[in-house]
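Please look over the sequence and the model below before reading on. The text after them goes from whole chain to single residues.

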Amino acid sequence: MNKHMLKSIKAEAIKQHKSVYHSSLMYFSMLIWPVLHLFSSYYSYKPFEGSAASELVAKWVGEDMIFAFILFGYISFIFFKCFVQSAWRFSFERISGTLELIYLTPASRLGVMLGNALASLFESAWMFTVFCVGAIVLFTDLNISSIFMPIVAVFSLVIPSICWGIFMNSLFMFSRDTGIFFTLFQTPMELFGGAKIPFPAFPIWAKLIGGFFPLTWSASIVRKIFMHGAIFADIKAELILLTLICIGLFLLTLLLLRRGESYARKTGNMALF
Amino acid sequence: MLIAKGLKKNYISKEKTGFLKSRLKTVEAIKSLDLTIRPGKIVGLLGLNGAGKTTTIKMLSTLLEPDGGSCSIDGLDLTRDAFKIKHIVNMIAGGERMVYWRLTARENLEYFGKLYNIPNNELNKRIDNLIEFVGLNERANEAVEKYSKGMKQRLQIARGLINDPKYLFMDEPTLGLDAPIARDLRKFTKSLANKEGKGILLTSHYINEIEELCDYVYIINQGQKVMEGSPKEIASIVANCTNKYHIKINSFPDKLKVQLETYLSAIQSDYQLDGADGSFEICVSTHKDIQSELIAMLSQQTKIISFAAMEPKLEDAIITLSEVRAYEQAHA
């Protein structure tokens, strides 16, 4: 990573942050909506307490752990969602004509995508903190093996979600119809990524889909660390899978960025929206 | 020096042929364009909508890949050395887009400056100078969304100069601007070429703007060059090409009709006739200034109710030039 790339990452992250958090109302909203999400996750589970569906989930996660299961699933999901939203915001660059101006510069394309994804880290980190505080307040019996393991949990969320974010960003280079990518990636990720339903409870075909989403393994690691006091050896398999998925996403991003720019230079679609 | 030879650009577009049916269609946006821009000179690129002006600018600024031909900018190849060329060129387009409205002018310039990897100290100095240069000093730290159209355009100019480009491509920079602001911008553009030695390519719809600023002009239509020359040459062709006279007369006797037709066909000109309310309206299109001859001819045989000589328009000149070129090509 050279100095120019680092400069591009920083410039893009600052620009996105300033563009999004342009008023104090945005910070206020950031305080409100994680709390609303927290309550929403709690009460979406409540009506099913004691039901057959609840029993099915309880079979995989344990009766007394259902709420913690949903909570940590949401923590993980929201982390990824923030990055997907940042990628979606990037599509507005096309509308405002600034995407062309970015591509007019010699800045590292990957650097710009990374910077855009990193701008969401602020939001994600905040959400994570709010949810964790909520978890600590709600569950006094959190089972964490060592102080080192929550750091592993954070990294297993941050790195894959950044990889996911830049991958989504690079897709937007190819197409101006961003809606299709949300349909293809966001909803299936929410459904099959194990945020709400235990991944082992899925049929094989759904597991095959879910297995490709980094959220599946990030959520699994976070849950094991916070709910089951997992040590490093317990999450080794998930970490390996997650690493492979991240490498795959990163390589795919590099390819898409190169192809995307070349395609845009051929078709002139960078200015279309 | 920027030298483009035989530049070509095709777009593939989909043409709907029925429900869920479409076929691919190739549109030749630029057919073969030769162009030279010398440092310190302003070159005009004139043409109607869809002529290929913006496509040319985007190719020269590396945003579009040419499908044929070659272009070198200070010895660098447009396709092979695109990333190096990005350091020495920039583009300014008309309109209010292409800046971040929620950022201040300074923040916008800082952002783009960093993408060009300009060292921080130098960038700060350059931003201060540019902000002063475009007259935004007093509102440099205000969000762009509060700026007027002219101020946003001035910020665009500062943004286009942030990397101190050797070649600047200006795509209709005065589009939609008030006359005084457009005048300031023209003055400013001239100083960029004369004082700072920048090679500038300027596209415009306005012949006056081209006459005032450019050292050399290319006229393109439907992706092809129809003429090149000094602004004076272009202006004279425009003037000669498109004289139009709208005349209202109260009668149109046959003798006059024959005389007019004979006269106009001798100078390869044409007329259209409309009759209403007992009067006749004649619209004469000609390449020559025949105002006095027309008045003399008509007044001898009828009463002239009104006579209006229409100012020549660049659009008419381009159409005429294109027709002439097509005719020449067909009979070559």
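What follows describes chain B, then helices of chain A, then single residues of chain B.

This is a predicted model, in which local features need pLDDT of at least 70, side-chain atom pairs count only at pLDDT 80 or more, and totals for chains, interfaces and linings use all residues. Residues are numbered from 1 along each chain as its sequence is written, chains are lettered from A and ligands numbered from 1 in the order in which they are written, and side-chain values use heavy atoms, with hydrogens and water left out.

Chain B contains 11 helices and 14 strands; helices (H or I, at least four residues) and strands (E, at least two) are DSSP runs, numbered from the N terminus. The C-alpha trace of chain B spans about 80 × 45 × 45 Å along its principal axes. Chain B has 332 residues, of which 48% count as buried. Buried means under 20% relative accessible area, exposed over 50%, and partly exposed in between, with a 1.4 Å probe and protein chains only. Among contacts in chain B with a separation of 6 or more, 70% come from residues 24 or more positions apart, where contact means heavy atoms within 4.5 Å.

Chain B is divided into domain 1 (2–229) and domain 2 (243–311), with bounds that come from an automatic or database domain assignment. The C-alpha centres of domain 1 and domain 2 of chain B are 44 Å apart.

Helix α5 of chain B covers residues 149–160. Its 12 residues reach 17 Å from the first C-alpha to the last, close to the 16 Å expected at 1.5 Å a residue; the expected span is 1.5 Å times one less than the number of residues. Because 10 of its 12 residues are buried, α5(B) is largely enclosed by the rest of the structure. Among those buried are Met151(B), Leu155(B), Ile157(B) and Arg159(B). The cover over the buried residues of α5(B) includes α6 (98–104) of chain A. From chain B, the cover includes β6 (89–93), α3 (105–115), α4 (120–133), β7 (167–171) and α6 (179–194).

Two packed helices are described by the angle between their axes and the distance between the axes. Axes here are lines fitted to C-alpha atoms, for helices over the stretch in contact, and angles run from 0 to 180 degrees between N-to-C directions.

Helix α9 of chain A (residues 179–192) has 14 residues and reaches 19 Å from its first C-alpha to its last, close to the 20 Å expected. Phe181(A), Phe182(A), Phe185(A), Gln186(A), Pro188(A), Met189(A) and Phe192(A) are buried in α9(A). Their cover includes α4 (66–90), α8, α10 (204–210) and α11 of chain A. Just after α9(A), Gly194(A) takes a positive phi of about 75 degrees.

The axes of α4(A) and α9(A) come within 11 Å and cross at roughly 170 degrees. The two helices are therefore roughly antiparallel; angles under 35 degrees count as roughly parallel, over 145 as roughly antiparallel, 65 to 115 as roughly perpendicular and the rest as oblique. By class, this contact of α4(A) with α9(A) has six nonpolar, one polar and two charged residues. Ala, Val, Leu, Ile, Met, Phe, Trp, Tyr, Cys and Pro count as nonpolar, Asp, Glu, Lys and Arg as charged, and the others, Gly among them, as polar. In this contact, Phe77(A), Phe80(A), Lys81(A), Val84(A) and Trp88(A) of α4(A) meet Phe182(A), Gln186(A), Met189(A) and Glu190(A) of α9(A).

In the other pair, α8 (residues 148–174) and α11 (residues 214–227) of chain A pack at an angle of about 170 degrees, with their axes 9 Å apart. So α8(A) is roughly antiparallel to α11(A). Their contact has 12 nonpolar, two polar and no charged residues.

Ser191(B) is in helix α6 of chain B and counts as buried at 16% relative accessibility. Ser191(B) and Gly40(B) are 151 residues apart in sequence, and 9.4 Å apart in space from C-alpha to C-alpha. Thr104(B), in the loop between β6 and α3 of chain B, is buried with a relative accessible area of 11%.

Gln222(B) lies in the loop between β9 (216–221) and β10 (224–229) of chain B and is exposed at 54%. Its phi is near 45 degrees, a positive value in a residue other than glycine.
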